[in-house]
Amino acid sequence: SQASFEEDSQKQPAVGHWKPLMPSKGSKEEPETGCQDAGGVDETQSTEQLNVSRLRSSSVEIREKGSEFLKEELHKAQKELKLKDKECERLSKVREQLEQELEELTASLFEEAHKMVREANTKQAASEKQLREARGKIDMLQAEVTALKTLVITSTPSSPNRELHPQLQSPSKAVFRKGHGRNKSTSSAMVSAASQNVTPEPVSHECKEVDSILFAEFQAWKESPTLDKSCSFLDRIYREDVGPCLDFTKQELSELVRVAVEQNTLTIEPVASQTLPVVKVSAEECGGPKKCALSGLPRTCKHRIMLGDSGNYYYISPSCRARITAVCNFFTYIRYIQQGLVRQDVELMYWEVMRLRREMSLAKLGFYPSEM
């Protein structure tokens, strides 16, 4: 037992290792002591094994709990990752949509810019074309005014210019002119004065006397010539001549004709000289070759008128044409006086105005030459 105790003590020197201080008294005591030591070692070993097993069980439990905690954390992380993946996918779709909208917006802006540039170029080309046409018309009108100025200056009632009044030429030299030299009413001064009178008589064969009231009104107007009809001179002529001469059955169209004559935008042309354009208004309003648009009566219409640049033509009878032409002749002459193109004595200009008033009076009464 002493040997076994020593072996045990060598194996486990840290647990239950002790040495007796007194020598043993008998052989009986020694075995007892060895047994006691062996029992203590066994108890110690069992305690240690119990502690180890407890430690092992607690470590296993801790490991299981740690594994469960880690699984829960992993599950939470996976859920968060899935949410973040969904958010990334949503943001990616939003980005793609924004990029597509940006591309469409850029394309539409470029298209709109190109469209605006094309429209600007088209408008610029049209404006340049209109400018060239306007300059051409200005040059033509300037040349025409110069020619008319030369004719008017050299024409007086006592010694009329035969080029300005072709009715005074001999029959062998007279040239038949169908219609007006120009379509505008300003050219009505070029129309023969005899076309308004069937049997013209020389002015020198007539007896005439100046009316003091009319002459005073004309002199006052001549000091400051204007086309405003509020002055006494033109107001009288409007009331006594222009208004009645342009008073036709079709009142609405008559008013349009009067305004066009005043604004110098009336066009008169023969029907057979040009092809008929497309009429934009009803045939009843425009009349026809056999119906006058101003009187509404069935008449043979050899001429037609256009008001401004409307493109609408109205057929007129010879009587209506004579009345419109007489008024146009009057306005043309007073415009020449206003522009300073007539260089004559005041009395001569007065008698020319009276002659034009007489033509309007005859026309409004229905007298017109057969050439109309």
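1. **Ground rules.** Residues are numbered from 1 along each chain as its sequence is written, and side-chain values use heavy atoms, leaving out hydrogens and water. Because the model is predicted, local features need pLDDT of at least 70 and side-chain atom pairs count only at pLDDT 80 or more, while totals for chains, interfaces and linings use all residues.

2. **Overall layout.** The protein chain has eight helices and three strands; these are DSSP runs numbered from the N terminus, with helices (H or I) of at least four residues and strands (E) of at least two. Read from the N terminus, the order of elements is α-α-α-α-α-β-α-β-β-α-α.

3. **Burial and surface.** Of the 372 residues, 30% count as buried, meaning under 20% relative accessible area with a 1.4 Å probe, protein chains only. The accessible surface (Shrake-Rupley method, 1.4 Å probe) comes to about 24900 Å², and carbon and sulfur atoms hold 56% of that.

4. **The strands.** E1 and E2 run antiparallel and are joined by five bridges; strands pair if DSSP finds at least two bridges between them. Isoleucine 268 has isoleucine 305 in E2 as its bridge partner. E2 also pairs with E3, again in the antiparallel sense, over four bridges. Here methionine 306 stands opposite tyrosine 313, and arginine 304 is partnered by tyrosine 315. The hairpin of E2 and E3 has five residues between the strands, and in it glycine 308 takes a positive phi near 70 degrees.

5. **How enclosed is E2?** Five of the five residues of E2 are buried, so this strand is largely enclosed by the rest of the structure. His303, Ile305 and Leu307 cover one side, with Arg304 and Met306 on the other. In E3, Tyr313 and Tyr315 point one way and Tyr314 and Ile316 the other, and all are buried.

6. **The largest nonpolar core.** This core has 51 residues; the term means buried Ala, Val, Leu, Ile, Met, Phe, Trp, Tyr and Cys residues joined through side-chain atoms within 4.5 Å. Among the residues with the most contacts inside the core are Val242, Leu266 and Phe330. Elements supplying at least two residues each include strands E1, E2 and E3 and helices H4 and H8. Helix H7 gives the most, with eleven residues.

7. **A closer look at valine 242.** Leaving aside neighbours within four places in sequence, valine 242 is in contact (heavy atoms within 4.5 Å) with Ile237, Val327, Phe330, Phe331 and Met360.

Methods
Buried < 20%, exposed > 50% of the residue type's maximum accessible area, 1.4 Å probe, protein only.
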